[in-house]
Amino acid sequence: MITITIEDRNGEQQPIEVPTDINLSLMEVLKASDYSILATCGGMALCATCHVQVLEGYDDLPTAGDDEMNMLDTLPDAGFDSRLACQLRISKEMDGMVFRIRGDEQ
Amino acid sequence: MIKTDICIIGAGPVGLFAVFEAGLLKMRCHLIDTLPQVGGQLSEIYPRKPIYDIPGYPTIDAQDLIDRLMEQIAPFKPEFTLGERVETLLKQDDGSYIVGTSDGSLIHASVVVIAGGLGCFEPRKPDVQDLANFEGKGVEYMVKNPEHFRAKKVILAGGGDSALDWTIFLADVAERVTLIHRGDTFRGAPDSAEKVFELAREGVIDLILQSNLVSVSGNGKLNEVSYIGRDKIKKSIETDYLIPLFGLSPKLGPIGTWGLNIDKSAIEVNTFDYSTNVEGIYAIGDINTYPGKLKLILCGFHEAALMAQSAFKHVYPDQKLSFKYTTVYGVNSF
């Protein structure tokens with residue numbers, strides 16, 4: 001079990017506990033935790049509606065693949081700490097990380 | 001005007017299988033898709049990816065599934081309008097519909113089935129003050145005809161491949177090209193990025209890094225774009241055109257304005273028959289939503305079967321539907 005902290009669009013931070021043996025992406029965990037993200041494409045790095053900013057722990061995440069890089073490069077509001085939650089698989093290394101939800105709400 | 005029983009919007013796997021389920025009940029289908037070929041995401045995005053959860057196929061490549069669906073529905077002679085986007089829906093006095101496309105095709109059908117998957121891909125628009133007021137008046141989201149920009153001042157914004165490629169191309173065409181990018185490097189396409197840096201060093205273009213667009217202004221027509229750079233100071237550039245190139249994002253598009261109940265960009269349906277809140281319009285596959293919805297091809301197939309049973313009453317209002325197994329009656333082509 002790890003704990004990650006999620007900051008919603010209103011700036012409110014909430015810790016959530018996630019088991020690490022579930023083989024889910026951060027996007028799926030956010031959806032399951034009732035955060036309002038569209039995840040239109042279902043995890044294929046196509047829509048960027050699960051765009052998150054990594055406030056703490058960015059350097060400890062696996063580097064983004066080509067699909068994710070290309071998508072982040074096109075986004076008007078992505079920063080150097082931006083990732084797509086659908087491309088981040090929940091792992092032990094994510095314990096203590098802080099993510100801010102950025103993707104479009106509609 | 002094309003006449004059919006069911007107009008299916010979207011020619012992905014679920015739209016294609018709907019032709020089969022409709023065909024068993026003697027209903028003809030016409031499909032429209034914004035892509036130039038059938039198959040939706042499967043053919044466009046991941047044709048060679050294996051799919052593991054199609055019943056009866058331990059594994060099947062996405063394009064193979066589409067090819068087999070086309071073979072399966074061939075007896076029912078579906079017709080297609082491809083490469084056109086659905087724009088309008090007009091309800092007729094008898095309850096039927098006329099669907100209109102971006103290229104002016106008109107399809108008259110008793111029933112409309114939306115099997116639009118992710119929706120259609122539209123340019124992503126940055127959050128810039130007054131941007132919408134200048135769309136078509138200097139703000140363009142794609143380069144349709146580069147000649148349009150000959151001897152004009154053009155600002156491009158974005159950091160993806162298309163922003164780089166058009167910067168390089170328009171450098172030879174426009175009077176002056178400026179590229180504004182929020183980062184200071186370009187992560188994709190190293191060759192194009194190097195070329196853009198070279199053009200900037202040679203003074204052929206202006207490259208403004210670590211900067212974000214903030215507003216646009218002009219008197220009826222765009223003539224100034226403002227941005228904020230690393231130093232947090234707002235600066236302005238005179239220009240004829242601004243081309244924000246921030247990729248494409250899937251949107252419902254014009255379907256979103258048809259009076260359908262929408263939840264998080266998906267169309268709400270009744271799981272009894274996958275009908276929407278509008279009589280005679282159904283939504284199946286990834287584009288719909290209901291409690292417990294799973295975005296799976298196999299779920300879309302199930303939805304197509306139930307939709308067809310319900311659509312029958314619109315197409316043949318005077319006939320009674322009797323359910324028949326293909327194992328008993330076979331597949332009777334048109």
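1. In this predicted model, the largest nonpolar core comprises 56 residues, and those touching the most other members are A:M27, A:C50, A:A85, B:V154, B:I155, B:L156 and B:L242. A second, separate core has 54 residues, among them B:I66, B:A109, B:L252 and B:A311. As a general matter, nonpolar side chains in soluble globular proteins tend to be buried together.

2. Apart from neighbours within four places in sequence, B:V154 contacts B:F149, B:L170, B:A174, B:V177, B:T239, B:D240, B:Y241 and B:I243.

3. B:L222 belongs to strand β14 (residues 222–228) of chain B. With 25 other C-beta atoms within 10 Å, B:L222 is buried, because 20 or more such atoms meet the criterion for burial. Neighbours within four places in sequence aside, the contacts of B:L222 are B:F134, B:K137, B:G138, B:V139, B:V216, B:T239, B:Y241 and B:L242. The C-alpha atoms of B:L222 and B:G136 are 9.4 Å apart, although the two residues are separated by 86 residues in sequence. B:T239 and B:Y241 are listed among the contacts of B:L222 and also among those of B:V154.

4. Some overall figures for chain B follow. Chain B contains 7 helices and 21 strands, and its C-alpha trace spans about 75 × 45 × 35 Å along the principal axes. Of its 334 residues, 39% count as buried. Among contacts in chain B with a separation of 6 or more, 62% are between residues 24 or more positions apart.

5. The contact between the two chains draws 17 residues from chain B and 16 residues from chain A. On the side of chain B that touches chain A, 5 residues are nonpolar, 7 polar and 5 charged.

6. How do the axes of α1 and α3 of chain B cross? Helix α1 (residues 13–24) and helix α3 (residues 62–73) of chain B have axes that come within 9 Å and cross at roughly 20°. The two helices, α1(B) and α3(B), are therefore roughly parallel to each other, and their crossing is left-handed. From α1(B) the contact uses B:P13, B:L16, B:F17, B:V19, B:F20 and B:G23, and from α3(B) it uses B:L65, B:I66, B:L69, B:M70, B:Q72 and B:I73. By class, these residues are 10 nonpolar, 2 polar and no charged. B:I66, in this contact, is also one of the residues of the second core.

7. Helix α1(B) also packs against helix α6 (residues 297–315) of chain B, where the axes come within 8 Å and cross at roughly 35°. The crossing of α1(B) with α6(B) is right-handed, whereas that of α1(B) with α3(B) is left-handed. Here B:P13, B:V14, B:F17, B:A18, B:E21 and B:A22 of α1(B) face B:I297, B:G300, B:F301, B:A304, B:A305, B:M307, B:A308 and B:A311 of α6(B). The contact has 12 nonpolar, 1 polar and 1 charged residues. B:P13 and B:F17 take part in the contact with α6(B) and in the contact with α3(B). B:A311, on the α6(B) side, is also included in the second core.

8. Helix α4 (residues 161–171) and helix α5 (residues 190–201) of chain B pack at an angle of about 45°, their axes being 9 Å apart. That angle makes α4(B) oblique to α5(B), and the crossing is left-handed. B:D161, B:L164, B:D165, B:T167, B:I168 and B:A171 of α4(B) meet B:S192, B:A193, B:K195, B:V196 and B:L199 of α5(B). The residues of this contact divide into 6 nonpolar, 2 polar and 3 charged.

9. In chain A, helix α2 (residues 66–74) has buried residues A:M71, A:L72, A:D73 and A:T74. The elements covering the buried residues of α2(A) include β4 (82–84) of chain A.

10. B:K26 counts as partly exposed, having 14 C-beta neighbours inside 10 Å. B:D130, likewise not a glycine, has a positive phi of about 65° and is found in the loop between β9 (120–123) and β10 (153–157) of chain B. With 12 other C-beta atoms within 10 Å, B:D130 is exposed.

Notes. Residues numbered from 1 in each chain as written. Chains lettered and ligands numbered in written order. Predicted model: local features only at pLDDT ≥ 70, side-chain atom pairs only at ≥ 80, totals over all residues. Core = buried A, V, L, I, M, F, W, Y, C linked by C-beta atoms within 7 Å. Contact = placed C-beta atoms within 7 Å. Axes fitted to C-alpha atoms, helices over the stretch in contact; angles between N-to-C directions. Helix = DSSP H or I, 4+ residues; strand = E, 2+ residues; numbered from the N terminus. Parallel < 35°, antiparallel > 145°, perpendicular 65-115°, else oblique. Left-handed = near helix turned anticlockwise from the far one by under 90°. Nonpolar A, V, L, I, M, F, W, Y, C, P; charged D, E, K, R; others polar.
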